[in-house]
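Trainee: I have a new structure to get to know. Can we walk through it together?

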Amino acid sequence: MSSTVPPTPNTPCPQTASAPATPTSASPAKRPLPTEFIPVGVSGRSKAKIDHRESPFIRFGRHYVRTISMFDLPSTVITTGLLRDPEEDPTGFSTLDNRRYDAFQALVQLVPTFASIIDNDEASPEAIQKWLNDFAGSLKLGASGAKSDDTGSLRGAVIDWLKAGNKSQPNLTSTLEREKKIGRGFRNDITGKLLCPVMLDWNDEKIRTDLLNGTATIDGNPINGSHWPAFLFAGEAFNKDLPWEGFLQGKYLRRAYCHIFTSPSSAKGDHNKSNATHTTRATRATRSGNAANYGMTAVTKPSIAYAAAQLAFALSEDTTFHKHRTACDAVGLYNAIMDFFEAPQFTAKIEDLLKWWNRSIFPSHHVEHSAANFGLAFMQAAWDRQNDNGVHVAEQAVTAAELERGDAQADGSEPGQGSETSST
C-alpha cells in the first residue's frame, strides 16, 4: 500500500461531477476513525487544531450545524457512518443512531469528495486518520461559529420584531433590550406567552408563577422542550383535538428561518399570511443569504428544528445552551421536533408541511405551474365556434384567393394563369 497522503483540509479537493457515493463499510482496523481527543488550552477552552482562516472546510461546518445536525459533534456523526454497513436494517438501530447515520449521509452529499477520500486505497491509514481528525475539527469550528453568529444576530432581531408587532402595548416591550437577555423569558408577558407550553393557559397567574419558578408540570411531568411552546403554532393557537394543525407554522418561527437562511432583511416583511411568498421592495435582501451561498433550494427538517431552537433561546433569558436546562430546553425542543418529523403517523402531514415551507421560503423553486395553455385554449374554442357557424369555410376561400393573387403579382402573371405565359 502506498503512503500517499490525501488532500488536507487546508487544500480543497477537486470535486467530481458524479453524485457522491456512501463510503463502503470496513472493519475499524482497516478504516481509521476520527479521534475524540480535543486539545484544551490554559483557559479551559478547546483549541483549534488548525487555523480557521486557512481551512476551506470551515464553511461546510457552518452549513452542517444549520441543516444537518445542531448538537451532534461531526466526529460522532462520521464515526457512526463509517462503522455502519449501508445494507443493515435500520430497525435494528436506535432512533439516535439512525438520525446520526442520516446526518452522515447528508454530510457525504454536502462534501462530495469525502467518500472518495475515505475509500482511497492508495493512502495509508495514518494519513487518512489525520485527514479525518482535521476534517472533523474544521467542521466543528465552522459549526460553532455559525451557531454563535445566529445566536448573536437573533438576540437583537427578535426584540425588533416583538416591538414592531406590539406597538399598541409599549409598556410590555419597554423592558426588552436588544443586547441584553435580562427580563426576557417568563419574566415578560410577551416572551413568556410565546414560550409557554401551548397546553397551558398563560393567563392563569399560578401557571405564570410556576413557569417562572421552574416548578410547572403537565400530567405530573416537569416542563421540557417536548411540551411545544406556543410560538411553534400559527397564530399561537392550539386545537387539542387536532394538535398538529398549524404546527411549525408560527409567524416568528418563519421569521427566524428567513433571518438565518435568506437574509435578516427578508425576515422583516409581513409574514402573517401562511402562503406569503414574496417580500416588499423595502425588505428585499441586498446580498446573498446562507441558503444561496450553499445552493440550498429546499428546507431540511433539521433546519426547521434549528430555527425553532435558536428562536426559543432568543426569547429566553438564558445566556448559554445547556442540555440540563429546563426553563429553556432548546436541546430538548430540537430533538422533539426531529422526533415529530420521524413519526410514521404524520407522514402525509409532514409532506404537506414541507411543501408549505418550500413555497414560503423558496417560492421560485417550488411554485406549482399549470400545464394548461389558457391563451391557446381560448383561441381554439373560438375557432370551433366560428367553424360550427360555417364562417371558416368562407374565410378559407378568401384566403386562398388572396394567396393566388399575391403569387401572380410576384411573377407578373395574371390571376388564374399561374407562372405560364403564352408564346408569341
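Mentor: Start with C196, which is buried at a relative accessible area of 2%; buried means under 20% relative accessible area, exposed over 50%, and partly exposed in between, with a 1.4 Å probe and protein chains only. C258 is buried too, at 5%. This is a predicted model, where local features need pLDDT of at least 70, side-chain atom pairs count only at pLDDT 80 or more, and totals for chains, interfaces and linings use all residues. Residues are numbered from 1 along each chain as its sequence is written, and side-chain values use heavy atoms, with hydrogens and water left out.

Trainee: OK, the overall layout. How many helices and strands are in the protein chain?

Mentor: The protein chain has 16 helices and two strands. Both are DSSP runs numbered from the N terminus: helices are H or I with at least four residues, strands are E with at least two. Of the 424 residues in the chain, 41% are buried.

Trainee: What about helix α1, is it buried or exposed?

Mentor: Eight of the 10 residues of α1 (residues 58-67) are buried, so the helix is largely enclosed by the rest of the structure. Among the buried ones are I58, F60, H63 and Y64.

Trainee: What covers them?

Mentor: The cover includes α2, α3 (95-110), α5, α9 (251-261), α10 (290-293) and α11 (301-315). Contact here means heavy atoms within 4.5 Å.

Trainee: How do α2 and α5 pack, then?

Mentor: Helix α2 (residues 74-83) and helix α5 (residues 125-165) pack at about 135 degrees, with their axes 8 Å apart. That makes α2 oblique to α5, because angles under 35 degrees count as roughly parallel, over 145 as roughly antiparallel, 65 to 115 as roughly perpendicular and the rest as oblique. The axes are lines fitted to C-alpha atoms, for helices over the stretch in contact, and angles run from 0 to 180 degrees between N-to-C directions.

Trainee: Which residues make that contact?

Mentor: From α2 they are P74, S75, I78 and L82, and from α5 they are L132, F135, A136, L139 and K140.

Trainee: Now the core. Which residues have the most contacts inside the largest one?

Mentor: They are F114, W228, F231, L232, L248, F341 and W357, in a nonpolar core of 92 residues. Such a core is a set of buried Ala, Val, Leu, Ile, Met, Phe, Trp, Tyr and Cys residues joined through side-chain atoms within 4.5 Å. Helix α5 gives the most to this core, with 14 residues.

Trainee: And what does L248 touch?

Mentor: Not counting residues up to four places away in sequence, L248 touches L232, L253, I304, I337, F340, F341, L353, W356 and W357.
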